[in-house]
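This report looks at charged side chains and how they pair. Keep the sequence and the model side by side.

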Amino acid sequence: MELDFCIRAEGIKKKFKNFRLDIPQLDIPKGYATALIGENGAGKTTLLNILTGIRLDYEGKLDYFGTYTDKDRESGKLKEQIGYTGPGNYYLPHWTIRQIEKISELLFDNFQKERFKQWCSELAVFSGEEIEWKKKVRELSDGTRMKLMLAGVLARDTKLLLLDEPASPLDPLMRDKLCSMIRDYILDGNGEKSVFFSTHNISDMENVTDYAIIMERGKIAEAGFVEDLKEKYLLIKGEREDIEAAGKILYSITTSPYGFEGICLADRMEQLSGMNVSVEVPSLFQISVAVMKENSRIQM
Amino acid sequence: MRFAAKSYLAFTSFRYRLLMFLLVPTGAFAGTLAYGELLGSSLQQSGLLLFMFVWSYAETFSDYWLFSGIASAKTHGSEMLRTSERGMAMMRSGLIMDQVRRLVYMAAGTAVLIIAGQNGVPDFPEFLEFVLFYYTWTTGMVWISRFLSSYTGIRILTAYSAGMGVAGGVILTVINMGQEPGIAAIRAGIICVFALLAVLVSVCSVLHVMKRVKGGYYDSKN
């Protein structure tokens, strides 16, 4: 399958005091929803900030939509096409909703006031029917603030959404809504619109994830289409007597008094022959945890 | 210019506009006139100082509702501004227009008070001295307040700055009362120094805050 990419990154490096982001190659497919998964401190936010352009001190090359390079990243043409939400100081805390609307109008040519109001209403940003224009950002809960940011980016015509932890502050119902919003956004783009989001809520976001990138300690540990990953990794369940032998073959293993469960690379399946095991398709959550365990500094 | 004005207005909330564009100027002006009437004495001296005290206090304190410690280590600007090509231009325009508004309001208020206090004959050098001194002083204090993210910090700064501003005004008044032969030259010198300082503080405060806000793009927080 011939793939187009909305972002291609090469040799991205960023050094902090005790951390180093080092990504030789990163390709985010166009027309899909891509999840960025990793434990705390893996470098997800740093990577997203670099891609969004709110962090400019890094090494490496970036290419957006096959048209713009990192030299064009500060150009309006590129920035107009990217919508970003993040957990930091996206809006200043004392801004009112009215100010946010006015500032958005000034900052982005493609911001549509009516659409913003519609999204505020659809996402129930405010408790009543009416928009509370005088309400300040600091008076909103984390979840409502995220909904407001989503209303702000969805009120614009963009080709790419970069969302940093959009699901974390949201309730389960709103996470479901977020998934359908992402799906609709991608469908609406006819292969031209893409979403790249970081998440810890892998299970909740799995049904909308087409492509996954798993990061650990500043590096990409695994990347691929979810369907491909589910062929590459398999979920194995077995009896207690095989724990030791299976442990040497499996990618990751969890034991219990009754047996074991683990992830095995498909190409190592033959080595399990003779053991009494069942094979299942793993969830993205199970694959991600297995990959993270393999690369984490956390002692499991 | 239109973009600059729109940017500034976008940064101001309705409450801020109501307070700083209307209520504070009207209140300070009316209060000072009433004070002069009540005392029936030299309005241009103590009345002007009262006017400037209220003004300086309101300007420094109300910036909490305008840019709210925008250059503080905690805030470091807004990510939303950084996601647009026009974000930094908008920020700069907001900062500049705020200074222009402050200068115009202070100049207009002071002029009217001096005219009223001197029965329609303003002492132009005195007018310049007061406007330049208070504009420079207040702009400097507002500049500092933008590096403070805590409400308490800004309140303490505001109280000190307004008090010290009045002390500066008293010194100016004492100098102006002098009858010595060289006093005109001293006053001309003061005007030149304050004019220079006004330009310097205006330019530096915008550049410094912008540098700090842009610093959010990088590790080094300036």
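Which residues are linked with D63(B) in a network of salt bridges? The network joins E59(B), D63(B), D98(B), R101(B), R102(B) and R146(B). A salt bridge here is a side-chain nitrogen of Lys or Arg within 4 Å of a carboxyl oxygen of Asp or Glu.

## Basis

This is a predicted model; local features need pLDDT of at least 70, side-chain atom pairs count only at pLDDT 80 or more, and totals for chains, interfaces and linings use all residues. Residues are numbered from 1 along each chain as its sequence is written, chains are lettered from A in the order written, and side-chain values use heavy atoms, without hydrogens and water.

## Inside the network

D63(B) bridges to R146(B), with the closest N and O atoms 2.9 Å apart. D63(B) sits in helix α3 and R146(B) in the loop between α6 and α7, so the pair ties together parts 83 residues apart in sequence. D63(B) is buried at 2% relative accessible area (buried means under 20%, with a 1.4 Å probe and protein chains only). R146(B) is buried too, at 3%.

D98(B) and R102(B) meet at 2.7 Å, N to O. Both lie in helix α5, four residues apart, about one turn of the helix. D98(B) has 0% relative accessibility; R102(B) has 1%.

## Another buried pair

E129(B) and R187(B) form a salt bridge at 2.9 Å, N to O. The pair links helix α6 to helix α8, 58 residues apart. E129(B) is buried at 0%, and R187(B) is buried at 13%.

Notes. Helices (H or I, at least four residues) and strands (E, at least two) are DSSP runs, numbered from the N terminus. Buried means under 20% relative accessible area, exposed over 50%, partly exposed in between (1.4 Å probe, protein chains only).
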